[in-house]
Amino acid sequence: MDKFTNSAWFMRIVAFALAALLFISINFEMESDKKSLGLSTAPEISTETIENVPVEVYYDRENLVVSGVPETVDVTLKGAKSLLINAKNQRDFKVYVDLSDPAISMGDRTVTFKISDLNEKLVATIDPEYAEVNVQERVTKEFSVEAEYNSSLLEEGYTAGQPTVSPQTVKITGAKDAIEQISYVKANLEISKGLNETVNSKATVKALDRDLNKLDVTIEPSSVAVSLKVSIPSKTVSIAPKQTGKAKDGIRITSISVDPKEVTLFGSETSLEKIDEINLPVNISKIDGNTELELDLNKPDSVQKMSLGKAQVKIRTEKVDVDEENAEPVVEEEEPETEQKQEEQVVEEKPEPEEEDEPAAIESKTFNNIQIVPVGIRDDQDAELESDVTSITLLGEADDLKKITKDDINLTVDVSNLDEGTHDVDLAVTVPEGVEWELDSKTVSVTITQKDEEI
C-alpha cells in the first residue's frame with residue numbers, strides 16, 4: 001500500500017482529481033454570481049416597434065427647398081429586451097435623410113432613411129424604408145395681398161367699402177416651381193352673420209394657384225391686419241306733425257310745432273329714396289289749452305334705425321265762442337281777401353311814422369355757453385369737438401325773447417357719416433318759432449377716432 005501511494009501515478013491521479021474539482025467549483029461560483037447580477041449567458045431576444053419617430057432632413061436650407069419627406073416614420077428594433085426598453089424610453093437615436101451633398105441635382109429622387117446614435121447591439125428596421133423627394137431651388141418673391149370677405153353676412157341695409165390691408169405686401173419663399181404657380185395671395189377676413197359695424201382684425205395669408213389650391217410655401221408675415229369699414233346710408237327728412245281727432249268745443253288750435261324739425265334715417269338707398277318726411281300724428285281731442293307733449297316717432301318698416309326716437313310737440317290754442325268756432329271754415333275761405341283788405345285799411349289809416357317804428361320792436365338776446373351735442377356716434381368710434389359750447393344771438397320781438405331760456409335752444413352736430421379724422425361739420429340749430437338766430441360760426445371742428453379693440 002505504501003508502495004502504491006508513493007508511486008508517481010498515484011500522485012498524478014490525485015492532482016488531476018483536485019484540478020477537476022477546482023474547475024467545477026470555480027464555474028459553479030461564476031454562474032451563481034451572474035444570476036445574482038441578472039446576467040445570462042443566453043440573453044432573451046425581443047422586438048419592439050416605436051411609432052411616429054421624427055425625421056430630420058439635412059440639406060442647404062439657404063438655397064434649396066426639399067419636399068416629400070414624411071414628418072415621422074415607424075422604427076422596429078430587435079435585440080436584448082433590456083436594451084430595447086432603454087431605447088424605447090430614451091429615444092436617443094435619430095432617423096434622418098442626408099441631402100447635404102453640395103453637388104446634389106435638382107428634381108425628383110429616391111432617398112433612404114438612415115439611423116444614428118443607436119446601440120450597436122440593436123438591429124433597426126425603418127418603415128417606410130425610403131421616400132420620394134423633390135429638390136428645388138429656393139426662391140423668395142414679394143406679392144401684394146388682397147383681402148376678401150363674405151358680403152352676404154352683412155346686416156340688411158348695411159354696406160362695406162373696400163377692405164384695407166397692412167402691410168400691403170408679403171414675402172413668399174418656396175420651391176421655384178411653386179412660386180411660379182402663385183396666382184392669388186389672399187387674406188380672408190372672418191366675419192359673423194349680421195355684421196353692422198366696422199371690423200379691424202387679423203387675417204391669415206394664403207398663396208393659391210389659379211384653381212384656388214393652397215400652395216406649400218412660407219409666407220412672411222403669415223398674417224396681416226385687415227380693416228373693413230361698414231356703414232349704412234342715411235337721409236335727413238323733416239318731421240311733419242299731423243293733426244288727428246277733433247278739438248274740444250270752445251278750443252281752437254292755432255299752431256302745432258315740433259322740436260327738432262328733422263330726423264336722420266338709416267337704411268338701404270332704395271328704401272330711403274321713397275321717404276321725404278316722417279309723419280307725427282298729434283291727437284288734439286283732449287287738448288284744453290297750450291300744451292307740450294313728447295311723442296314717439298314711428299319708424300318706417302323699410303328703415304333700419306333713426307337718429308331720434310321721440311320729438312317734442314308744442315300746441316298753441318285760443319278760446320273761441322262756439323258760434324265763432326262753427327263759422328270758422330267760412331272765415332278761412334275768405335281769409336286771403338279779408339287780410340288783403342285789412343292790410344290796405346291799415347296802410348290808409350296808420351300814419352307813416354308808426355310804420356317806421358315797427359322795426360324797433362325787433363330786439364336781440366345773446367345766450368352764452370350753449371352746449372353742442374354730437375348725435376349719431378357709432379359704437380366703434382369716439383367724437384371730440386374742438387369746442388363743445390358756443391354763443392348764439394336770437395332776434396325777435398321783445399315779449400317773445402323774454403320767454404326764451406337756454407333750455408329752449410338745441411344745438412347738435414351729426415357725426416353719423418364721418419370717417420376717422422378731423423372734419424368741419426355744420427351745426428343744426430333748433431329755436432322757438434318766431435325768432436331768428438345768428439352764430440359766430442355755423443360749423444364746428446369734430447375729430448373722429450377709432451376705439452381700441454378689447455382683447
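Predicted model: local features only at pLDDT ≥ 70, side-chain atom pairs only at ≥ 80, totals over all residues.
Colleague: What is the order of the open sheet of four strands?

Modeller: The order is E21-E18-E20-E23, with mixed pairing.

Colleague: What makes E21 and strand E23 (305-306) edges?

Modeller: Each has a single partner strand, so one side of each lacks a neighbour in the sheet.

Colleague: Turning to charged pairs, why is the contact of Lys235 with Asp276 called a salt bridge?

Modeller: The cut-off is 4 Å between a side-chain nitrogen of Lys or Arg and a carboxyl oxygen of Asp or Glu. The closest N and O atoms of Lys235 and Asp276 are 3.6 Å apart, so the contact qualifies. The pair links distant parts of the chain, 41 residues apart: Lys235 is in strand E18 (residues 234-244), and Asp276 is in the loop between helix H5 (269-273) and strand E21 (277-283).

Colleague: Why is Asp276 called exposed, and what does Lys235 count as?

Modeller: Exposed means over 50% relative accessible area, and partly exposed lies between that value and 20%. Asp276 has 60% relative accessibility and is therefore exposed. Lys235, at 24%, is partly exposed.

Colleague: Why is Arg252 called buried, and Glu318 partly exposed?

Modeller: Buried means under 20%. Arg252 has a relative accessible area of 17% and is therefore buried. Glu318, with 34%, is partly exposed.

Colleague: What makes the contact of Glu48 and Lys88 a salt bridge?

Modeller: The N to O distance is 3.0 Å, so the contact falls within the 4 Å cut-off. Here too the pair links distant parts of the chain: Glu48 in strand E1 (residues 45-58) and Lys88 in helix H3 (residues 81-90), 40 residues apart. Glu48 is partly exposed at 28%, and Lys88 is partly exposed at 38%.

Colleague: How many salt bridges does this rule give?

Modeller: The count comes to ten.

Technical notes: Residues numbered from 1 in each chain as written. Heavy atoms only, no water. Helix = DSSP H or I, 4+ residues; strand = E, 2+ residues; numbered from the N terminus. Buried < 20%, exposed > 50% of the residue type's maximum accessible area, 1.4 Å probe, protein only. Pairing = 2+ DSSP bridges.
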